[in-house]
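I set out to record what I looked up in this structure. The entries follow in the order of my reading.

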Amino acid sequence: MRIRQIALPVDVEANIPETANVRVIDTLVNTLTSQIKVSGKKRRGACQTTLLKIILYGYMEQTTSLRRIEKACRRDIHFQWLLQNEPPPSKSTLGWFIQENQEYIDEVFNKIVQYLAEEQE
């Protein structure tokens, strides 16, 4: 007979170091999105700022496939920290967001690279 243990929610906050790349992306995107406004319509269940963070963090970690980013949102603790209890986006939602906001994503990405270069990171 197989015994199943009850899984309790894990506090991902405690498992993410203060200097982790995911926290840097989170802080920078929060700062930059107050300066730049996202375009396009909001999709059901998907916060656009969170989608931007997920995409940028995925690219930062060399995860460029939308399928792999979708999978990482379900399995990787860093992506789950970015989601903050939101449901993981599908690859089609990520693709839609990139297609609708390509200029916005490029602008935020360039500002992040510029900031990191100035800080010599």
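**Notebook entries**

I began with Gln62, which counts as exposed because its relative accessibility is 72% (exposed means over 50% relative accessible area, buried under 20%, partly exposed in between, with a 1.4 Å probe and protein chains only). The model is predicted: local features need pLDDT of at least 70, side-chain atom pairs count only at pLDDT 80 or more, and totals for chains, interfaces and linings use all residues. Residues are numbered from 1 along each chain as its sequence is written, and side-chain values use heavy atoms, with hydrogens and water left out.

I placed Gln62 in the loop between α2 (48–60) and α3 (66–75); helices are DSSP runs of H or I with at least four residues, numbered from the N terminus. Its phi is positive, near 60°, although Gln62 is not a glycine. Most residues other than glycine have a negative phi.

I then looked up Asn85, in the loop between α4 (77–83) and α5 (91–100). Asn85 is not a glycine, yet has a positive phi of about 70°. Its relative accessibility is 82%, so Asn85 counts as exposed.

Which residues touch the most other members of the largest nonpolar core? I noted Leu52, Ile54, Leu56, Val108 and Ile112, out of 29 residues. Such a core is a set of buried Ala, Val, Leu, Ile, Met, Phe, Trp, Tyr and Cys residues joined through side-chain atoms within 4.5 Å. At least two residues of this core come from each of α1 (21–33), α2, α3, α4, α5 and α6 (102–118). The largest share, six residues, is supplied by α2.

Last, I listed the contacts (heavy atoms within 4.5 Å) of Leu52: beyond neighbours within four places in sequence, they are Val29, Thr33, Phe97, Tyr104, Ile105 and Val108.
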